[in-house]
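User: I am new to this structure and would like to learn how to read its features. Could you take me through them step by step?
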Amino acid sequence: MRKALTLVVLFLVLSLCGNVWVATKSYYFPKVSVNVQINKDGSFLVREERQAYFSGSYSRIYWDIPLKSGQGIEDVNFFEENNGQETPYNKLQTTDTSRPVSNYAVVQYYGYTHIEAYFSANNEYKTFLLTYKVLGGITKYKDVADFYWQIIGSGWAAKTDLVKTTVRLPNKVQISDIKVWGHGPLNGRAKIVDGQTATFSANNLAQNKFFEIRVVFPANLIDGMPKGEDGLAKIQTEELNFQNKTKLENQLKVFGLFGLGIGVILWIAFSFIIWEKEGKEYKVVDVPDHLPFPPSQISPALVETLVSQEQRVTPNSFSATILYLGKKHVLRIEEQPYDSGGFLGIGGGRKYRYILHLYRDVNDFKKLSPAELLVFEFIEGFCTDGKTVSFDDMKDQMKDQPVSTYDFFKSWKNEVKKEADEANFVEDKSKKWQMIFTVSTVLFIIGFLTALSYILGFPMPIGGLFSVYIWSGIFLGAFLYFIGRIFLRWSKSAEVEAKKWLAFKKFISNIASFKDELPQAVVIWEDILIYGTALGVAKKVIQNLPLILAYAHTTTYPYWYYSSGGTGSFTGSSGLGLDFSTSLSQSLTSLNTAFTSSFSSGAGGGFSGGGGGGGGGGGGGAD
């Protein structure tokens, strides 16, 4: 197996690069943030903050910015940022081959501006700040002005994890008078924030991939004589052509994938024989159609991992784990009722906010698994006093800190899957067959795709072939790995428990149909709330908890929940009734949404794959 994986990796390297080489050092950019201020005189100021990581020893970073006729760059300044402090570099008259640290130089060549700065870095992060003023970079027509600029050019031979750009106009106008587009990465987002501000962003910008933006706004915002024509219609036609070209390219890729899919189907048919032997589930003893109690008291995140055969850990389990930590006596949830006037008298009435109270009890902490401890410490990080935080504050802070939220989720998910692996939910042999299926199918398709390119009359070197179909290849690889789940097989003991959890899920999803089981549901309603959230049936829980609690005729607070009038102390109100079941469950659903959206791409316009006609761009590098 290891030899097969080694051969695959070697083949891909040869295909993509065309030769074998050993990298002694490398660099990339975790984040590039650019602010552009458009001035009334038609110039614009650029403030580029570039965070870099250097693996190995580096002493120079440089930019080559192309300039069209009539364009110029002036007022170039360079800084190094460290712990919020911006340290200016000294400007030299010309470049210096000795590379004196903390100095920079600007050289104007015909058709482009060269900027380079000298520093010392060895296996470390550096953050650089480059500012300059661009003259003649905006085209003014009779009706509109066109700011069209490459923030990152295709000459940068290093990837960028996150690029963000903010453009501010000289004055505020109607939002409808602003038009924005982006070119380059298809995962880019363009958004008009208000009548003076537009933002652009993209994740995982590959090396030698440009990031280009375009903002069109009323011509009267800047001075100067316009071209003797209107420009908006021409610009919109140009952008529509870019979009249509991108759609056509995507359609051609889909067509190619369809053809490849036929071959994959044949390959899967062959793989069926292997699946019959190695992937088909065992025949276990019959499990009841529905189960009115949880099969065990394992962590809700492990439940989701178990039933999905270690393939899924979602924000559902995050919210369920919060309640589970309450059950383990390390946190409590305070309900604070308040009266809302609504909007114009509509939607008012009694509302609830929820406060988490954390307790670092040594004895209780011994009961936490590493994954549960990660959740506790993640929540604790949002507590200004180290002990309390509201759901609303958590949601806001997660949205404000998308990178750290994503890092937590990734680490936590890996820890949950590690615990699931240690519990032997899925047989190791079946995981190997999933990988064998994926790798062998990818190799099959690579051969098929190469043959297909020659049949269609598009002969090209293998490296070129992969550069054209790289995104399709990534999609196909992920798709095939998903299909390969058919080879995953529960261990015999895990299969019994998994099917019991699915039977319990059916019970809490259709509890109204099992009225004879309501007495049991009253006893375990707390588990229904916790595990129903993890199993993805939170909406059913919202619907069914009132039925369960109404049947009980009386209500009891669990250890982890209490109601207060905003004083932080128990008030002894009517208990967990309809308001609780609806309000808390909806708050958990809202927390899931915030947790997911905090590191998603967000709303706004998309990017097209065309463009390339804007100013700026060029490239740069480090050595």
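Predicted model: local features only at pLDDT ≥ 70, side-chain atom pairs only at ≥ 80, totals over all residues.

User: Which residues of helix α6 are buried?
Analyst: A residue counts as buried when its relative accessible area is under 20%. In helix α6, which covers residues 370-380, the buried ones are Ala371, Glu372, Val375, Phe376, Phe378 and Ile379. Seen down the axis of α6, these buried residues fall within an arc of 160°, so they line one face of the helix.

User: How should I read a salt bridge, and which residue does Glu372 meet in one?
Analyst: Side chains of opposite charge can pair when their charged atoms come close. Here the side chain of Glu372 meets that of Lys328 in a salt bridge, at 3.0 Å from N to O. Because Glu372 lies in helix α6 and Lys328 in the loop between α4 (315-327) and β16 (331-340), the pair ties together parts that are 44 residues apart in sequence. Glu372 counts as buried at 3% relative accessibility, and Lys328 counts as buried at 17%.

User: How many salt bridges does a search of the whole structure find?
Analyst: The search finds 23 salt bridges. One of them joins Arg99 and Asp623, with the closest N and O atoms 3.0 Å apart. Arg99 lies in the loop between β5 (90-92) and β6 (103-109) and Asp623 in the segment after β22 (619-622), so this pair ties together parts that are 524 residues apart in sequence. Arg99 and Asp623 also belong to a network of salt bridges that links them with Arg60 and Glu116.

How values were computed: Residues numbered from 1 in each chain as written. Heavy atoms only, no water. Buried < 20%, exposed > 50% of the residue type's maximum accessible area, 1.4 Å probe, protein only. Helix = DSSP H or I, 4+ residues; strand = E, 2+ residues; numbered from the N terminus. Arc of directions from axis to C-beta. Salt bridge = Lys/Arg side-chain N within 4 Å of Asp/Glu carboxyl O.
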